[in-house]
Amino acid sequence: MTARMPSLNALRAFEAAARSGSLVAAAAELNVTHGAVSKQVQSLERDLDTVLFERRNRGVHLTRKGEWLAERLGGAFAGLDQIMVGFRGLEATPAPLTISCEPTLSLRLLIPAMADLERETGLQVRILAAGGAIDFHNNNIDVAVRRNDFPLPSGVRATLLAPEMMGPVLSPSLSGREKRDVPRLHSRTRPHAWRNWSAGRDGGFDGPGIEYEHFYLALQAAEAGQGAALASVHMTRGEVQAGRLLAPEGFKPDGTAYVALRSEDSRDERIDRFIVWMQARMTVNLNENVTQEIA
């Protein structure tokens with residue numbers, strides 16, 4: 001038959017009194033009265049049917065059994081305290097910074113650089129590929145990256161990341177063709193991109209149009225040699241530098257910009273770290289804007 005476990009309060013009171021050598025000091029530590037500590041110790045002695053303290057000269061002195069128990073309870077309560085510190089630390093550990101980013105920018109810029117982002121900022125991040133309206137609270141989003149081509153809702157704070165710069169890109173396999181014969185690759189997510197680009201320009205790409213559901217698919221088609229896609233420098237700089245794409249007319253501002261959006265009441269300093277990193281990354285894209293003529 002298992003012996004009944006003494007009261008945890010009694011064990012705590014005894015351990016504190018044994019460690020401090022005083023019932024008064026133990027009472028102060030536990031924020032109870034001297035009499036409450038004395039009663040707890042007496043209750044423990046009754047439960048264990050043994051004397052733990054010898055009381056003499058207004059002081060308390062551990063018996064041999066009292067010393068044995070006090071030593072082991074000290075380690076046990078210290079371990080319990082560490083367990084609770086660790087438990088409370090679980091609540092203090094922040095969840096990953098949740099970033100909502102336009103799908104093509106996520107796939108072309110953010111996700112490939114995720115290891116750099118976490119190493120250089122110390123952030124743990126979670127990326128959600130999404131565009132359009134943002135519901136920060138219901139979707140647990142900390143910060144969103146969008147182009148500022150739509151009215152910002154109330155209660156949102158915007159920080160400029162970088163201007164958008166667009167230009168035609170195509171596979172080197174098409175470098176021998178006349179621009180007017182190269183098909184133009186359109187996307188439904190940016191339906192007016194070619195029209196806006198072509199306004200006021202002569203002698204550009206004027207081949208038949210091919211439409212894709214998404215901007216990302218148009219870029220993939222351009223890499224596959226299916227035509228010229230109008231692309232963002234922020235999504236194609238690496239491919240242009242590696243020679244997988246040509247940018248015969250470079251990249252030019254289209255009047256929009258990328259912004260970081262957060263809830264107006266957000267005070268999460270991790271967002272600021274992400275913004276500084278993103279601004280630096282996108283500035284590199286702008287500074288290395290290149291033009292590659294096709295034959």
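Predicted model: local features only at pLDDT ≥ 70, side-chain atom pairs only at ≥ 80, totals over all residues.

Me: What makes α2 and α3 roughly perpendicular to each other?

Reply: Angles of 65 to 115 degrees count as roughly perpendicular. The two axes cross at roughly 105°, and therefore α2 and α3 get that label.

Me: Which residues in α2 and α3 meet?

Reply: From α2 there are L23, V24, A26 and A27, and they meet H34, V37, S38 and V41 of α3. By class, that contact has six nonpolar residues, two polar and no charged ones.

Me: Which domains does the chain have?

Reply: The domain assignment gives domain 1 (8-89), domain 2 (97-163 + 256-282) and domain 3 (164-254).

Me: How do you know that domain 2 and domain 3 touch, and how many residues does the contact take from each?

Reply: Contact means heavy atoms within 4.5 Å, and 14 residues from domain 2 and 14 residues from domain 3 take part. The C-alpha centres of these two domains lie 26 Å apart. Between them they bury about 1,200 Å², with 51% of it on carbon and sulfur atoms. On the domain 2 side, T104, R108 and P163 lose the most area to domain 3, together 50% of what that side buries.

Me: Why is the meeting of D254 and R147 called a salt bridge?

Reply: The cut-off is 4 Å from nitrogen to carboxyl oxygen. The side chains of D254 and R147 meet at 3.8 Å, N to O, so the pair qualifies. As for domain 2 and domain 3, the count between them is three salt bridges.

Terms used
Residues numbered from 1 in each chain as written. Heavy atoms only, no water. Axes fitted to C-alpha atoms, helices over the stretch in contact; angles between N-to-C directions. Helix = DSSP H or I, 4+ residues; strand = E, 2+ residues; numbered from the N terminus. Parallel < 35°, antiparallel > 145°, perpendicular 65-115°, else oblique. Nonpolar A, V, L, I, M, F, W, Y, C, P; charged D, E, K, R; others polar. Domains from an automatic or database assignment. Buried area = accessible area lost by both parts, 1.4 Å probe.
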